[in-house]
Structure formats: C-alpha cells, structure tokens
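Reader: I am new to this one and would like to learn about its charged pairs. Could you show me the structure and walk me through it?

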Amino acid sequence: MNAFKCSSKWVGIQLLTLLFVSLFSVNSFAHKLAPSLLQIDELDHSNFSVIWRTPIDAAVSPRPVLPENCRDAEARLVQVSTAIERRWTTRCAGGLSGKTLRIELLAASRTVAMLLYQPLNGKLQRDILTANNSDFVVPDKFTGASVLTQYIRLGISHILIGADHLFFVTALLLLAGSWRSLLKTVTAFTLGHSVTLALVSLELVPHWPALVEFSIAVTILILAVELSRTDVEQRKHYIRQHQWLVASVFGLVHGLGFAGVLQEIGLPSGDVVGALFAFNIGIELGQIVFVAIVAGLLYLLKRSSVPIYQYVKSAIILVMGGISVYWCLDRGAEILGQIL
C-alpha cells in the first residue's frame, strides 16, 4: 500500500508538471492562439480563388501548400482585424479533384486551421486541420459537411490550446471548496462567456482585441492574488463569498476572447446561429475534459500526500500569477503602442 501511495504521488506530480509546463511554452506567452483559415472557391474546372488568413502576431505562422499542378498568381495582402489575409487566384491543370491540400507548421504554431472548399457545383466542404491531421483530399463527390461537427471540433481545439482560458478555469477549480461550488462557479462562467460570445459574433457589440486580451490577463491575475491568501482570509473575502458572481462577470470578458476566434475565421452565412451554438458546445466539452483531468490528478495527489499537494498547488498559483503579470505588461504595452 505504501509503495502504491508513493508511486501514485510521484506520477501525479509528474503529470501535473507536464500539463502545466506544456501551457507555458514561449509561443503561449504573449497572445492567444487563434486558428487560421484557408478558403478555396472553384471558379471553373482549372481556376480557383484562394484566401489564406492567419494571426498577425503568431510566433510561427502556418502556411498552405497547394498541389504541384497549381500555378499561383500574385497575392494581395490586407490586414483583417488581428489577422493577415492573402488573396490570390491559382490555375490547377486538371482541377483539384483527388488532390491533397495541406497546411504546414501547425505543430510548431500550436494552432489549428479551418479549411473551406467551395466546388463550382456542389455543397461547401469544411474540415478542421490539425498537427496530426494536416491534409485534406478534395473529394470526387461532394456531400454536405456538418457545421455542427466542425464548429464543435473548433471549439474543443481552441479551449485546449488557449493557455489563458485554461489558467482561469484552473483558478476556479482551486478556488472552489467543493464539487457543488465548482459546478455553480463553472456554470456561471459558462453563462457569462456565452452572452458576449453571441453578442460579438452576431456583431451586436464591438470588439477590441488588444483590450480584451489585456482584460483576460487581469482576470487571471486577480484570481491568482486571491488564491495566494490563506484559507481564513479567503473565506472573509468578497471573491470567495461570491464566486459565481465573479465567475459570471469575468466570463463576459473571456467570451469576448472566444468571439475573436470566430471573427478570425468567420461564421457560415447559411447557419450562423448553429455554428455559434456548436462552437460554444465545443468550448464547454473541452473545458469539462480539462477540469476533470486536473481535478482527478489533484484529488489523487491530495490523498497520497497532503504536504506535496499543498506544494504543487502553491507552485501552480505562483506560476499562474507570474505569467499573468507578464501578460498584463506585454498586452498593456501593446495597447499603449496602438494609442501612441
């Protein structure tokens, strides 16, 4: 039994360390990792229009690779919100049927890409390309692609590569004193971010990316400071006493960040509400998976060794606070740069 406790204790420490270190890579520090968009429209059997949109501040930018039978015209560059967009036409002798479209450097950029392929006579094809699945083979026969499935996958992918949002969810987990409290708090956060996600995506309220990213960092810093208090101090403090209210208000801020992702790639004109709903469902599914993993590891660690559990918890809070300060300074400097 003692050997099992010792083994599970160190396995828990190693898994938690791996989980959080993976979130703190250099590419994650400065900005959220928004997806890219590759849109190809068939003009005739051999000619296609191409749009490639990728975040302007990505440390490593993914790039599209068209088949060898394609010859590109000169591209036109424009800035769209926080992304750079290239538009060009390409001539592909024999067409694209059966050919492979590829996005390179998705692993290095730690992002995903939405691919949209519109045949001349057929239904729009959608796919989410990832580091493990970066190819799309243009089919001979076109069937309707499920908006629900694709945007759920996009939501899951985004939440699981967004270090700032995962930090915030981790803070809610550490702040909650029980499963019931955690359920209420996470539900309040979900309701909050769902409201602003919908309002911005439907263009009912404006969106300021730099200010939103700075505000998200501030919410994490506030919770990190709160978690650094002693249990007695937390019980007397406003945030601990009104967790659900704080989570819902902060959720409004994070929803603005989620909406920025949809602004980068757009919503399908024929099913805006469905895609918005599916994206939100994907975020929730990814969030549930992450909370379950972290909560399970912390629970096992606490049962094995309370002192080491406290040490790991303190380390997580310290890293969370330090990186949120870095984000505040970095994103604050970006805002000042835009003003000046």
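Predicted model: local features only at pLDDT ≥ 70, side-chain atom pairs only at ≥ 80, totals over all residues.

Author: Happy to! Residues are numbered from 1 along each chain as its sequence is written, and side-chain values use heavy atoms, leaving out hydrogens and water.

Reader: How many salt bridges does a search of the whole structure find?

Author: Side chains of opposite charge can pair when their charged atoms come close. A salt bridge here is a side-chain nitrogen of Lys or Arg within 4 Å of a carboxyl oxygen of Asp or Glu. Searching the whole structure gives a count of eight.

Reader: Is Arg229 buried, exposed or partly exposed?

Author: Arg229 forms a salt bridge with Glu226, at 3.1 Å from N to O. Glu226 has 1% relative accessibility, so it is buried. Arg229 has 29%, so it counts as partly exposed.

Reader: How far apart in sequence are the parts that Arg331 and Asp164 tie together?

Author: Their side chains meet in a salt bridge of 3.5 Å, N to O. Helices are DSSP runs (H or I, at least four residues), numbered from the N terminus. Arg331 lies in helix H12 (residues 306–339) and Asp164 in helix H5 (residues 163–175), so the parts they tie together are separated by 167 residues.

How values were computed: Helix = DSSP H or I, 4+ residues; strand = E, 2+ residues; numbered from the N terminus. Buried < 20%, exposed > 50% of the residue type's maximum accessible area, 1.4 Å probe, protein only.
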